[in-house]
Amino acid sequence: MVRKALVFLLLSSVFLPAPGAHAAEVTRVLSGSRAKGELFDMSLTASWLREDKTAIIKREFEAASTGGDTTVIRDLIYRQSRNLLNLRADTGLFRNISAFVVAPLVLSDDRSLSFDRRSDGCQMMGATAFTPDCVNEVNSTFLRDGIQDKVGGEFGWDATHNRRFSSPSEMVFRGPTRKGLEYLSIGLGWAVFNQQTDDTKPTWIVRLESRFSVAEDMRFDREKSSANTGVGLGYHQYVLSTMFSKRFDWFDPYLGGWYMLPSTTSGSIYKQYPLGRNGFGGPQHRVGADFGVEGIIWEQPREQQRVTLELRGRLEMRSFGLAQGELWEPLSGRSTCPMDPLACRKDIDWDLNQDGKVEPSNGVTRSPSYGLFGGDAGLNVQVGRYVRFRGLFGLTWEQDRFLTDGRSGNDATDATGRRFRVEDARLWHVMLEGGLLF
């Protein structure tokens, strides 16, 4: 279907007359009043986003069976499912300057870890001291090193039911279902050029956005598994972005980039990290690029109706810095440590604030830099002057990497021979959006 649509668009651009200029959805311009009695533009948008992420968690292994060499073996499979309702309001202020408010509401965020048992015949193999291709509660390094405990035939932790898993369960950890306001965003947009008013120039938009972390930060305490179900990031985000689009006949390509500067909140979990005070000791900085094309499949300019096919790609780089990675919840310690020495885990719970006392780990790790890339495909439908719909479906891959950078000083997860490695991380996502234009 995609091939036929592209052929149709190519032939249309040759044999059909070019319609009037219209910006791509990513560079939609809202204008303020230009003359007395003229009203400003306004837009209300609601979108639903579903994300499903999986990743393979491996670990370095060093033993006599490997000849003393360090190798990487299987251990866990990470899964995350997330539903988000994004509410947005845009309004024109003056000419091509607009303001917007965004409130992303996380409806559910579920995360879990299972033993990596993907090998053929794995279900029929018995438990052994070291079976790198068939992981269970006996040979998992995740349990061996006490990151999650094991008592008899019970192991790990199920935060949903506040109990351990029982053999032969393949699941070893499940966090609480998180929900709430992720952040509150306020921003300004300026259309430096607007092709709708001057078809000799492209549409060029510059945006400055402040995302304030105003809700409860994400934290986890084994002693109070369901006490914190927040989705706050623990830092504000300041985002500078720009986007270009230029319509050529029946095609509207676009290209843009953005940069996110984090700033930790006063009580942020990141400020508890011992290396969290240097230049790269804060949350990861992010920079990215978005590019794509909208192809007009059908259009009625007078009725302001059209249907477009959108193909979009993205690149992102996350810098060296602190992060709540795939293992942050199970790495988090119990609040009863250090009052109860038995609640503290050797080499995992350590002196976070450098006061000479052991504190429970907060799960934060110092991540190396890594990249992401992905793409989407979907349709945009402009029903008329006031109503539009948008739907996209896509996939994002993450670069294989170690969970930690090897220089944090935490021997349990960051020493050579004990580091965790994230591989084959992929995120499927679908987005459905509806908007009202005034």
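**Figure 1. D424 in strand β20.** D424 sits in strand β20, in a predicted model. Helices and strands here are DSSP runs, numbered from the N terminus (helices: H or I, at least four residues; strands: E, at least two). Phi of D424 is near 50°, a positive value in a residue other than glycine. Most residues other than glycine have a negative phi, and most peptide bonds are trans. D424 is partly exposed, because its relative accessibility is 38%. The classes are buried (under 20% relative accessible area), exposed (over 50%) and partly exposed (in between), with a 1.4 Å probe and protein chains only.

Residues are numbered from 1 along each chain as its sequence is written, and side-chain values use heavy atoms, with hydrogens and water left out. Local features need pLDDT of at least 70 and side-chain atom pairs count only at pLDDT 80 or more, while totals for chains, interfaces and linings use all residues of this predicted model.

**Figure 2. R95 between β2 and β3.** R95 lies in the loop that joins β2 (70-94) and β3 (97-115). Its phi is near 50°, again positive in a residue other than glycine. At 45% relative accessibility, R95 counts as partly exposed.

**Figure 3. Two cis peptide bonds.** The bond from S167 to P168 is cis, with omega near 15°. P168 belongs to the loop between β6 (163-166) and β7 (171-174). The bond from C337 to P338 is also cis, with omega near 15°. P338 is placed in the loop between α3 (328-331) and β16.

**Figure 4. The salt bridge of E423 and K58.** The two side chains meet at 3.1 Å, N to O. E423 is in strand β20 (residues 420-437) and K58 in strand β1 (residues 42-62), so the pair ties together parts that are 365 residues apart in sequence. E423 is buried, with a relative accessible area of 16%. A salt bridge is a side-chain nitrogen of Lys or Arg within 4 Å of a carboxyl oxygen of Asp or Glu. Side chains of opposite charge can pair when their charged atoms come close. The whole structure has 40 salt bridges.

Figure 5. The N to O distance is 2.6 Å for the side chains of D145 and R59. D145 lies in the loop between α2 (141-144) and β4 (150-151) and R59 in strand β1, so this pair ties together parts that are 86 residues apart in sequence. Both D145 and R59 are buried. A network of salt bridges links R59, R144, D145, K346, D347 and R418.

**Figure 6. The salt bridge of E316 and R318.** The closest N and O atoms of E316 and R318 are 2.9 Å apart. E316 counts as buried at 16% relative accessibility. R318 counts as buried at 15%.

**Figure 7. The second largest cavity.** A search of the whole structure finds 3 cavities of 30 Å³ or more. α4 gives the most, with 3 residues. By class, the lining has 7 nonpolar, 8 polar and 3 charged residues. Ala, Val, Leu, Ile, Met, Phe, Trp, Tyr, Cys and Pro count as nonpolar, Asp, Glu, Lys and Arg as charged, and the others, Gly among them, as polar. On a 1 Å grid over the protein atoms alone, a cavity is a set of points where a 1.4 Å probe fits but cannot get out. Lining residues have an atom within 4 Å of a point. Grid points are joined across faces, edges and corners, and a volume is the space filled by probe spheres set on the points.

**Figure 8. The second largest pocket.** Its volume is about 210 Å³. A pocket is an open set with protein on both sides within 12 Å along at least five of seven lines. Of its 14 lining residues, G146, D149, R222, R334 and R345 are the closest to the centre. The lining divides into 5 nonpolar, 4 polar and 5 charged residues.
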